[in-house]
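Please look over the structure below.

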Amino acid sequence: MTSLPRALLLDLDDTILDAHRNPDEAWVRVCREFAGRVGAPSPEALHAAVLESRDWIWGDPERSRRARLNMTGTRREIVRRALRRLEVSYSPAAEAMADRFTALRHEAIRLFPDATDTLRRLKDAGVRLGLLTNGNAASQRGKVARFGLEPFFDHIQIEEEFGVGKPDVRAFRNALAALDAEPAEAWMVGDNLEADILGAQQVGIHAVWMDAGEAGLPEGSTIRPDRIVHSLSELLS
């Protein structure tokens, strides 16, 4: 086993859970199911409008922060804006479309195959584990409970509960204090280059980028992780 840190902070979605990859598959499906019900010209036109609306919401840091604290409402707003672009009135069917997408995404969430075993081995090795995740408390706590993750962690910190999220340095410093660790004694593992990697590096934490899809760093990215892994088990190798 490689030399491990005193404390390890881990992101939840797309680090421990395979949660958000390929969301477009679900949007394609719901657009096919609901285009006629909501009065869209075609599934293709509805899908294009949804993607434009989605990208607008997630394309701004402050909009993103508000959006992730209410994912159900955000997805309804995505559909609402898409229909407005198509000059189609919002209706109960449109709300059902957004909620259908939420249900499909929830059903698709899975633990990465090596996640539980890796967490167990880290805990057995004496590493203090902290879960540091952005988002809505009910949603994130629900995932923790659904996949039985709570026993692995010495500290669980969720953006809505704490009041600020990554990449705010206060989020990292509070998690380190809860784990009784200094930045130089800790690693942060996450999939989001800005929130997880840059945020951790700002306070002197060794930042490990989870590239589960093995896509590599985006072209032109100025953020450079201290290490790149494709699975959690690589932390032990």
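## A residue in a loop

Where is Asn-134 found? Asn-134 sits in the loop between S4 and H7. Keep in mind that this is a predicted model.

Is Asn-134 buried or exposed? Its relative accessibility is 14%. The cut-off for buried is under 20%, so Asn-134 counts as buried. One of its polar atoms lies 2.8 Å from the backbone nitrogen of Lys-166.

## The strands beside the loop

Now take the elements around that loop. S4, H7 and S5 form a β-α-β unit, and the unit is right-handed. Strand S4 covers residues 128-133, and it pairs with S5 in the parallel sense. The pairing runs over 4 bridges. One of the residues involved is Leu-132, whose bridge partner in S5 is Gln-157.

Strand S5 spans residues 155-158. Both of its faces are covered. His-155 and Gln-157 are buried on one side. Ile-156 and Ile-158 are buried on the other.

## The largest pocket

Next come the pockets. Rolling a probe the size of a water molecule over the atoms shows where empty space is left.

The largest pocket has a volume of about 1,800 Å³. How many residues line the largest pocket? The lining has 50 residues. Those nearest the centre are Asp-14, His-20, Trp-58, Arg-68 and Asn-192. By class, the lining holds 17 nonpolar, 16 polar and 17 charged residues.

Several elements each supply at least two residues to this lining, among them H1 (23-38), H2 (43-58), H7 (137-146) and strand S7 (206-210). H7 is also the helix of the β-α-β unit. Helix H3 (61-68) is another contributor. H3 gives the largest share, with 5 residues.

## The second largest pocket

The second largest pocket holds about 160 Å³ of space. Its lining is made of Arg-21, Asn-22, Glu-25, Ala-26, Arg-29, Leu-104, Arg-105, Glu-107 and Ala-108. In this lining, 3 residues are nonpolar, 1 is polar and 5 are charged.

Which helix gives the most to this lining? H5 does, with 4 residues. H1 and H5 each supply at least two. Both helices also supply at least two residues each to the lining of the largest pocket.

Technical notes:
Residues are numbered from 1 along each chain as its sequence is written. This is a predicted model: local features need pLDDT of at least 70, side-chain atom pairs count only at pLDDT 80 or more; totals for chains, interfaces and linings use all residues. Side-chain values use heavy atoms; hydrogens and water are left out. On a 1 Å grid over the protein atoms alone, a cavity is a set of points where a 1.4 Å probe fits but cannot get out, and a pocket is an open set with protein on both sides within 12 Å along at least five of seven lines; lining residues have an atom within 4 Å of a point. Grid points are joined across faces, edges and corners, and a volume is the space filled by probe spheres set on the points. Ala, Val, Leu, Ile, Met, Phe, Trp, Tyr, Cys and Pro count as nonpolar, Asp, Glu, Lys and Arg as charged, and the others, Gly among them, as polar. Buried means under 20% relative accessible area, exposed over 50%, partly exposed in between (1.4 Å probe, protein chains only). Two strands pair if DSSP finds at least two bridges between them. A crossover is right-handed if, with the strands pointing away from the viewer, the path from the first strand over the helix to the second runs clockwise. A polar contact is a pair of N or O atoms within 3.5 Å; within protein, one must be able to donate a hydrogen and the other to accept it, and residues adjacent in sequence count only if both atoms are side-chain atoms.
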